[in-house]
Every structure is written in structure tokens, then in C-alpha cells.
Amino acid sequence: FRVKSVEFLTDNQPFSTEVSVNGLPFVLFMPPVTMKNGDVLIAFDPASALDQRLNSFCEWTYDTRELSIHANGHTVVFTMDKDVYFVDGVKKHLDYPVYMDDGLPMLPIARLCADLGYLCKIKGNTVEIKTHRWGYVKKM
């Protein structure tokens, strides 16, 4: 195997982006990345329970490097290192390939939320997501 890059972070290093789902903040373990076109990518990290917060079920297919996210009657499929993804079987284009950082898929959060039928507002360093099941997330 080959090491493509190494990034060192100090303990308790604050990230510049605050993320909340239905008003409840959660911790990002990796800094978000802003792409040239303005899309904000965050790590789809099971440790942060983002999948549960979005009321979604996820499948990772190791051989094809595909992440399928099922929620709110929709399926979104990202393939790592590809600049296209699928929403309910319909191809959509990105200005960049999705990729993995430290073994975690980096996904465009606003696009993902819109494709799942959720609201996502990004203002400065704040990302606010609203789903349709407020009570479920508040119990987390």
C-alpha cells in the first residue's frame, strides 16, 4: 500500500464549523472542507452518528467503494473518486470527485440534504440541518 498524505492535528483542536441537526449540535472529528465551487464537504463518520441524525440507513460496499444512503424515501449513492453520484437512480454531476480522508467518505452535505428532502443552511461557519422527524433526533 501507499500513503498518499499525512495530516497531524493537535488534541482538542477546534474546527471552524459548527454542525447541528434539528437544533442539536454534534462534534465533528475531522475538519470540513470547502471546495472551489463553495460546496462544504464533511466526513460521513459513524462515530458522529450523522447517519442516525439524518434518520438514514447506510450501506458501504467495500469492493466498489460505494456509499448508499437511504432516507426519507430516497436513495443517494456516492462512489469514491467519481464526480457523479445517483439519486433514486438518476445521475447527478459534481465539480469534483468525492473522496475518502482518513478512511471516511467526504460528502457534500448541502447536496446530500437537498437530495434527501431535508433543509440545509450554511452561513459562514455554521451548518444547520432540519429533517422531518424532530422528536426522534431530540431523543439522541
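Two strands count as paired if DSSP finds at least two bridges between them. Helices (H or I, at least four residues) and strands (E, at least two) are DSSP runs, numbered from the N terminus.

This is a predicted model, in which local features need pLDDT of at least 70, side-chain atom pairs count only at pLDDT 80 or more, and totals for chains, interfaces and linings use all residues. Residues are numbered from 1 along each chain as its sequence is written, and side-chain values use heavy atoms, with hydrogens and water left out.

Start with the whole protein. It has three helices and 13 strands. Of its 140 residues, 39% are buried, where buried means under 20% relative accessible area, exposed over 50%, and partly exposed in between (1.4 Å probe, protein chains only). The protein exposes about 8700 Å², 52% of it supplied by carbon and sulfur atoms; the areas come from the Shrake-Rupley method with a 1.4 Å probe, and for residues only the protein chains shown count as cover.

Next, select strand 13, residues 126-130.

K121 stands opposite E128 of strand 13. The two strands form a hairpin with two residues between them. In the turn, select G124, which has a positive phi of about 60°.

Finally, select strand 1, residues 18-21. Strand 1 runs parallel to strand 13, with four bridges joining them. V19 has V127 as its bridge partner in strand 13.
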